[in-house]
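Biologist: Can you walk me through this one? Start with how you define a pocket.

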Amino acid sequence: MWTILRDRITTRTTTTMPCSFLAQFHSFPPLRSALFEPSPPPSPHHHRHHRHRHLPPPLSSGFSGGGWSPAIRSFCSTSGCERRAMAGRLESCSSDPSSVSYLTQREAAEIDEELMGPLGFSVDQLMELAGLSVATSIAEVYKASAYKRVLAICGPGNNGGDGLVAARHLFHFGYKPYICYPKRTPKPLYTGLVTQLESLRVPFLSVEDLPPDLSTEYDILLDAVFGFSFHGAARPPFDDILRRLVGMRKSDQTNKKSPVIVSIDIPSGWHVEEGDISGEGIKPDMLVSLTAPKLCAKQFHGPHHFLGGRFVPPPIAEKYNLRLPPYPGASMCVHIGKAPQVDISAMRENYISPEFHEEEVDADPIKQFHKWFEEAVAAGLREANAMALSTAGKDGKPSSRMVLLKGVDEDCFVWYTNYESQKGRQLSENPWASLLFYWESLNRQVRVEGSVEKVSNEESEKYFHSRPHGSQIGAIVSKQSSIVPGRQVLHQQYRELEEKFSNVNLIPKPEHWGGYRLKPELIEFWQGQQSRLHDRLQYRPQEIDGRRVWKIVRLAP
Ligand SMILES: NC(=O)C1=CN([C@@H]2O[C@H](COP(=O)(O)OP(=O)(O)OC[C@H]3O[C@@H](n4cnc5c(N)ncnc54)[C@H](OP(=O)(O)O)[C@@H]3O)[C@@H](O)[C@H]2O)[C@@H](O)CC1
Ligand SMILES: Cc1cc2nc3c(=O)[nH]c(=O)nc-3n(C[C@H](O)[C@H](O)[C@H](O)COP(=O)(O)O)c2cc1C
Ligand SMILES: Cc1ncc(COP(=O)(O)O)c(C=O)c1O
Ligand SMILES: [K+]
C-alpha cells in the first residue's frame, strides 16, 4: 500500500500541486519515486484514521530526549515557550501541517552551529553529505551520458566546499568535472578537498582560463559560489562570474544549446530571504536546498527543486519545527516543489546499440531468447521476466496486461494466473495471444505470438506450492477481475485464511488457478538504432520435409 505525499509538499502559502500533476507525474520517474513512500501496514481501525494518514508527523514526532546524552538533552530542553517563540520566527511553523519548511538566514546559520556544536557533527561530515546529495540530485535528472562536462564554480565558504565534494562524487559517477575555485580557503578541510580532486586529475581553471563562452564548453554549470551567509552585492571576481552565468541564460534565446545551471542551497547572488530582488539574477534549472529550503527558494521556479542533506536529527527537526518530505528509500535527495512541465510530444530517446546481424543470431529463436534474457538479467534489469500479455475474446477486442514469465519449456512460454479472470475468459473463447518484453536499458524488445493452452494440473500444483505462503493465500482470496467493495474485504478474507491455514502444511491450490503455455508461431527480436533504423529479425516456423524449421527475415523498422 502506498501513501501519496502530494498533500505534503506544499508551502505555507499553500502552493498545492497543479491539477495536471497526475499527468505529469506519470511521465516523470524521479518525481514518481520521490512522491511515494510505503505506508505502515493496515491496522484493524485503519480506515477510521485515514485523514491523518496523509499528514506526516513532524520528523521528530515522539521525541522526548530520552536516551540521548546530557549535551543533547540540554540542547533539547528548550522550553515550550522558547520553542513557540522560535516557531513564530520560522516561516516553517505553519498551522497547515502539509507545508514544507523554509528557513530564514539566521535560522540556517543557527542550525549549522547547533549541528556542529551540541549535536556532535563535524563540518567535514556535513559537507560530505551535502556534496553527495548534490551529486545524486544531479545524477537523477541530468544523466552523465548527455550532460558529461560539469564546471563547478566554487566560492570561498562552505557552499564552495559543497561544490568541491559534489564534483568529486560526480567524477566517480562518470561525469567530467572542471573546477573554478578562485578564492581558496587555506584550511585543511579545503586543501584536502583540492588534493582529492587533483589526485583524480580534475582540472582547476582560473577565472582567466574560463572559456569566453561557457555555453559551448560545459553541459552543467554547478553554482557553488555563495550559500546562506551571502550578504550585500557580490564582490570581484564573483560579480563577473555571476554576470556571465546570467548572460549565458539570455543568449539561450538564440537557439544555442546552453548548459543547465545547478545551484547549491541558494542561487548565488540572490538575497537569502528575498530571492532575486532585481530580477536580474541567475535563473538556475535546478536548486538543491540543503537541510531545509531557505526563504529565497520560494522564488525558484525552475523545473527541478531537490532537497538534500539527509542528516537532520530529530532534535533539530523538533526544535525548529521542521516539516520536510521523507526521503525515498536509501536516497540522499528528494524532489520537492511542483512537477516540472513536460512536453510529452518532445519526449524521445535516440537508441544507440551495437548492430544486430542475421549471422550472429541463433537458428533457434528459443535459444536466442535465452541469450537475450540472460543478458537482460545480467544488466541488472528489474523483473526482466515481466511481459505484456495481449488477448482478445470472441468479440475480437484486444486487452493487455503484465504477467510474469515463469519458464520456457518445450519451446513454450509459461505464466500463471486465475483461469476465471478476464484474460482467462478471453483465452477460453480465443486461445491465441501475444507476449511482449521490453528491456529498456538494452534498447531491446521481443515479440512472441502463438496459440495458448493450459499447463497440466500437476505442473500448476507444483508451481503454486513453490510460491510464498502469502501469495498462495492471496490467490485464493482474489476472485481476479471481479469487483470488490473495498480493500478491507480482501484483508478480512486474507486474515481469516491465514488463521485457517496457520497449522496446515499445504495450502490447497484453487481449481481455477494455474498456468498457460504459449506455443510461438512468431518471435521477433528488435534492437533500437539511431535515426529509427532499428534491427528487426523475425522468426516464423516452416515445414521442410516434415520438419519444423525456423525461417529468419529482416523487417523494415
Ligand atoms: N547544515 C548546514 O547548514 C550545512 C551547510 N552547508 C553549506 O554551507 C553553506 C553556508 O556556508 P557559509 O556559512 O560558509 O557561507 P557561504 O555563503 O558559503 O560563504 C560565505 C563566504 O562568502 C563570502 N561572501 C559573503 N557575501 C559576499 C559577497 N557579497 N561577495 C563576496 N563574498 C561574499 C564570505 O566572506 P565575508 O563576507 O564573510 O568576508 C564568506 O567567505 C550553506 O549554504 C551550505 O551550502 C553544508 O556544507 C553542510 C550543512
Ligand atoms: C509486473 C507485473 C506482473 C504481473 N504478473 C502477473 C501474473 O504473473 N499473473 C497474474 O495473474 N497477474 C499478474 N499481474 C497483474 C495483471 O497485470 C492483471 O492486473 C491481472 O492479471 C488481471 O488481469 P485481467 O483482468 O486482464 O485478467 C502482474 C502485474 C504486473 C504489473
Ligand atoms: C495477481 C498476480 N498473480 C500472480 C503473479 C505472479 O506472482 P508469482 O511470481 O508469485 O507467481 C503476480 C505478480 O505480480 C500477480 O500480480
Ligand atoms: K550557490
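Modeller: A pocket is an open set of 1 Å grid points where a 1.4 Å probe fits, with protein on both sides within 12 Å along at least five of seven lines; lining residues have an atom within 4 Å of a point. This is a predicted model: local features need pLDDT of at least 70, side-chain atom pairs 80 or more, while totals for chains, interfaces and linings use all residues. Residues count from 1 along each chain, ligands from 1 as written, and side-chain values use heavy atoms, without hydrogens or water.

Biologist: Which residues lie nearest the centre of the second largest pocket?

Modeller: Asn 158, Asn 159, Gly 227, Phe 228 and Ser 229, out of 34 lining residues.

Biologist: Which elements give it two or more residues?

Modeller: α6 (105–116), α7 (123–141) and α8 (158–172). Helices are DSSP runs of H or I, at least four residues; strands are E, at least two. α6 gives the largest share, 6 residues.

Biologist: Now the potassium ion (ligand 4). What are its protein donors?

Modeller: Asn 159 and Ser 268 donate through OD1 and OG. Asp 223, Phe 226, Ile 264 and Ile 266 each use O. They lie 2.6 to 3.0 Å from the ion; the donor cut-off for K is 3.2 Å.

Biologist: And their spacing in sequence?

Modeller: N-x63-D-x2-F-x37-I-x1-I-x1-S.

Biologist: Switching to β15. How many bridges join it to β16?

Modeller: 8, antiparallel. Strands pair if DSSP finds at least two bridges. Ser 434 is partnered with Glu 449 in β16. The two strands form a hairpin with 4 residues between them. Asn 443, in the turn, has a positive phi of about 55°.

Biologist: What about β11?

Modeller: 4 bridges join β11 (386–392) to β15, also antiparallel. Leu 389 stands opposite Leu 435 in β15.

Definitions and conventions
Donors = N, O, S within 2.8 Å, 3.2 Å for Na, K, Ca; no water.
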